[in-house]
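This report is meant for someone meeting the structure for the first time. It begins with the overall fold and then turns to the aromatic side chains.

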Amino acid sequence: VNALLYLLLGLATFAALFALTLVLARGEAE
Amino acid sequence: MDTFVLVLLVLGGCALLSWPLGRCMRWAMDPGDDSGHRRRALEGWFARSAGASGRSQGWKRYALDLLTFNALLFVLSFACLALQQHLPLNPDGKGALEGSLIFNTAASFTTNTNLQHYSGEVSLSYLSQLGLMWLQFVSAGTGLAALAAIARGLAGRRDMGVFLVDLQRATFLVLLPAAALVATLFALGGVPMTLSGAAQATTLEGVQQLIARGPVAAFVAIKQLGTNGGGYFGPNSTHPFENPGFWTHLLSLVSILVLPMASVWMAGRIVGRMRHAAVLFAVMLVFLLAKVGTAVAFEAEPTRAFAELPAVEQVDGNLEGKELRFGAAAGSGPLWAVLTTCTSNGSVGAMHDSLNPMTGLMPMLGMWLNATFGGVGVGMINMWIYVILAVFVAGMMVGRTPEYLNRRIGTREMQLAILTVLAHGLLVLVGTALFAATTWGQGTLNNPGPHGFSEILYEFSSASANNGSGFEGLGDNTVPWNVATGLVMLLNRYLPILLPLAIAGSMAAKRPSVTSAGTLSVQDATFGVMLAATILILGALTFFPAAALGPIAEHLLHHP
């Protein structure tokens, strides 16, 4: 369970980076 | 060997080698339409392997593919480390790792950092070590792929390539052949290459001793070439099985520097501006020489640690934490320390914690600027950010619209470039401040005062620059350290790739302008000086206060 929480932390960081990419792409389109 | 000769041999040799290697890397990464029959067949295979994403991509698709692949790497390496006790290739029965250490290690190797809060020979099975070695290939390949894509964008090509195709080009055509050659040379130089378990030996006193070994030659080759730096053994390249003697030492030094240098020429060829690439190469080389010269000069002073010991006579500079097997006495250590930090490599050839204070500042400077050749691919990307800032500042100074490679630099590009530079400074300084002010950092220090502060500052600098070397003297295998540096590594690996990708995509979409007498030239010495000044001013404004509290304060304490 402990390790799974850390795995989720890593995945959440990647999710934030995905979101940032989409925000940047939207900013470019506008 | 004299330090001067060693510096000349390594830097000069790498600079000479980098030119043809840059040409090969351009051939590998951006083959063009006039490739031969065999190459076209290979490209077809790469495209088929890339599957549905084998079609040409804009920056957004490229960035998302890069992130998806790297997220997958993180999950796979995490699983491999978390389950190593149940998996094969574990002849010495290595047990489970603690959760935060798994997070830190998976983040570290996915991001090409290789910060290690463990000793490989103590904690990891052979499968885990081989898994990390695989990451050393593909993480370096990710950097090289990103550089190729950004170069295409800056050259005005809207089609920035296909990430999975670029990754295969980087891995199979650049890194794998180079690593096979260097690994063979390491094995010939005495580095072990075996899947047998630890060797058992009987000492002269009759005691049984286990001697760790494994597929070390293969690991060390890509560790150096891919600017990874993670050691097979805890002591990294000071361990006699990773670096048995002078010739393997020389081979390591060349392997650390040669691909980052060649990346500059590769990028220059892709954008079709070799004179501009030569200016960037020269600026990087001048910075590198200045840092090596300063480090070697300050290390010629004996260490203060032995000053109170009357029996110790120090006539050859600071020998604390140095391996004399590598020759060059005190000069070899600072040379390695500067090269490994300027190139985002992070392998260690001397104890950085034992360097004299101002010598220790040079590796930190390398990580703060992070563009003195930098990591494979990413160092040149970082330099491009500085170039865009320098072009903008120069344009403002002379009252002209800033243009780079015939594309106008607008507000959006500047915002993204500033964000890239700020992210690095923020992650280093906020992390350092937090840990210096709390027991998270204070409770793990081995030294009080400015040196302790330097240990914290170095650790965050290393994580944020994706370097991975340690100042050491720090008990860093704790939950706060593992989590904080793990997050810093992840954020500052991908932000300086995603934001420049967006800049390149934005530049590629612009209408090209015509070169006129009013266009700022980026391929002469004047621009080189402007660029160097921009880098220095930005670096000083961001990091000087922290440097003053750490290594500079420590130096002044010893020289009142």
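A residue is called buried when its relative accessible area is under 20%, and exposed when that area is over 50%. In this model, which is predicted, buried residues account for 60% of the 560 residues in chain B.

Chain B is built with 18 helices and four strands. Its radius of gyration is 23 Å, close to the 24 Å that the globule rule gives for 560 residues, so chain B is as compact as a globular protein of that length. Along the principal axes, the C-alpha atoms of chain B fill a box of roughly 80 × 60 × 45 Å. Of the contacts in chain B between residues at least 6 apart in sequence, 77% join residues at least 24 apart.

As for the surface, chain B exposes about 20,500 Å², and carbon and sulfur atoms supply 66% of this area. The chain carries 30 positive and 29 negative side chains, and the centres of these two sets lie 20 Å apart.

Over all chains, a search of the whole structure finds 23 aromatic pairs. One of them is the edge-to-face pair of B:Phe246 and B:Trp247, with 5.2 Å centre to centre and 75° between the planes. The table gives the accessibility of both partners.

| Residue | Relative accessible area | Class |
|---|---|---|
| B:Phe246 | 18% | buried |
| B:Trp247 | 67% | exposed |

Which residues form an aromatic cluster with A:Tyr6 and A:Phe14? The cluster also contains B:Phe74, B:Phe78, B:Phe103 and B:Tyr494.

Terms used
Residues numbered from 1 in each chain as written. Chains lettered and ligands numbered in written order. Predicted model: local features only at pLDDT ≥ 70, side-chain atom pairs only at ≥ 80, totals over all residues. Heavy atoms only, no water. Helix = DSSP H or I, 4+ residues; strand = E, 2+ residues; numbered from the N terminus. Rg over C-alpha atoms; globule rule 2.2 N^0.38 Å. Buried < 20%, exposed > 50% of the residue type's maximum accessible area, 1.4 Å probe, protein only. Contact = heavy atoms within 4.5 Å. Areas by Shrake-Rupley, 256 points an atom, 1.4 Å probe, with all protein chains shown as cover. Lys, Arg positive; Asp, Glu negative; His and termini not counted. Charge placed at Lys NZ, Arg CZ, Asp CG, Glu CD. Phe/Tyr/Trp six-rings, centres within 6.5 Å; stacked < 30°, edge-to-face > 60°.
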